[in-house]
Amino acid sequence: HQPVTSPRRECTPSPRGAQMPRSLKSRLRDLTRLLAKKGSKLPEEVKKAKEKELEEVKIKLAQDEKERKKNDKAKKYAIKYKYVKFIEKQKVVRQMAKIRKRLAKTFSKDGQETQDETKLRERMQSLEADLEYITKFPCNRKYVSLFPTGGVTPEHQNRIDSIRAVIGQSGKDENNEKNNKKNNEKNKEKNKEKNEKNEKQEMKEHNTDDFFTEVQDSDSDMDHKDADKDMEISKNEGVQEIKSKFKFKSKFKSKSKFKSNSNPNPNLNP
């Protein structure tokens with residue numbers, strides 16, 4: 001009977017010399033200790049650099065803490081007001097469906113809107129604004145209900161209006177960001193097209209310059225070849241002239257020799 005042993009978990013060994021990224025709190029602790037113990041012994045430049053680093057770490061820690069609290073608050077409010085938002089959204093959606101049905105039934109014979117139709121459209125716009133209020137309510141704030149149990153007081157309505165203004169401003173900012181992104185993309189595309197056109201124009205000019213340089217080089221090569229041919233022709237002509245002169249001299253010498261042999265001196269007797 002052998003004991004049952006659990007299989008060993010395979011773990012990947014960490015490479016030698018690998019260090020985990022240090023947190024901001026550990027950096028803050030190390031810098032404060034260093035300045036407290038060896039601050040007087042450190043050079044002034046090193047001390048100033050460490051103090052500056054310590055201030056930067058403190059600022060980063062404060063920002064991270066603020067962001068963490070904001071996220072925690074948003075999570076807390078999302079869980080707390082989830083059911084209230086769901087109920088109010090259902091109410092608004094049902095009212096919108098009823099108004100759509102009434103708008104589909106009401107129609108005018110003359111083609112002009114009746115008073116009932118205008119009222120229904122106005123009510124539809126207000127319900128759309130309520131739906132936007134519910135869905136886009138700021139996540140880091142306590143939810144202000146549209147349908148409170150005790151009724152809507154003036155103070156409560158002022159709070160709702162202020163939050164509506166915040167939502168509208170955030171929507172405008174989002175639209176502005178989208179428009180800016182679109183404009184930036186369009187400008188990038190235009191700049192790209194301009195750069196491509198300029199590159200093509202430069203390539204054409206470069207090709208034409210290369211063509212003209214090649215033509216000039218070919219013309220110069222042809223000129224050199226023609227000059228070489230003229231030189232060769234002149235050399236050949238000079239050689240031929242020299243050869244003809246040499247032949248004439250050799251012929252003259254042979255004739256003079258023949259004359260001397262055929263006409264001996266008559267005064268001499270054998």
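Helices (H or I, at least four residues) and strands (E, at least two) are taken as DSSP runs and numbered from the N terminus. The model is predicted: local features need pLDDT of at least 70, side-chain atom pairs count only at pLDDT 80 or more, and totals for chains, interfaces and linings use all residues. Residues are numbered from 1 along each chain as its sequence is written, and side-chain values use heavy atoms, with hydrogens and water left out.

The protein chain holds 5 helices and 0 strands. From the N terminus, the order of elements is α-α-α-α-α. Of its 270 residues, 12% count as buried (under 20% relative accessible area; exposed is over 50%, partly exposed in between; 1.4 Å probe, protein chains only).

Helix α3 (residues 82–105) contains Tyr-83. Tyr-83 counts as exposed because its relative accessibility is 60%. Together with Phe-86 and Ile-87, Tyr-83 forms a nonpolar surface patch with about 330 Å² of accessible area. Patches comprise residues with over 30% relative accessible area and no salt bridge; like charges are joined within 9 Å, and nonpolar side chains (Val, Leu, Ile, Met, Phe, Trp, Tyr) within 5 Å. A salt bridge is a side-chain nitrogen of Lys or Arg within 4 Å of a carboxyl oxygen of Asp or Glu.

Ser-145 lies in the loop between α4 (115–135) and α5. Ser-145 counts as buried because its relative accessibility is 14%. The side chain of Ser-145 reaches the backbone nitrogen of Phe-147 at 3.2 Å.

Helix α5 (residues 154–262) includes Glu-189. A surface patch of negative charge gathers Glu-185, Glu-189, Glu-193, Glu-196, Glu-199, Glu-202 and Glu-205.

How values were computed: Areas by Shrake-Rupley, 256 points an atom, 1.4 Å probe, with all protein chains shown as cover. Lys, Arg positive; Asp, Glu negative; His and termini not counted. Charge placed at Lys NZ, Arg CZ, Asp CG, Glu CD. Polar contact = N/O pair within 3.5 Å; in protein donor to acceptor, adjacent residues only side chain to side chain.
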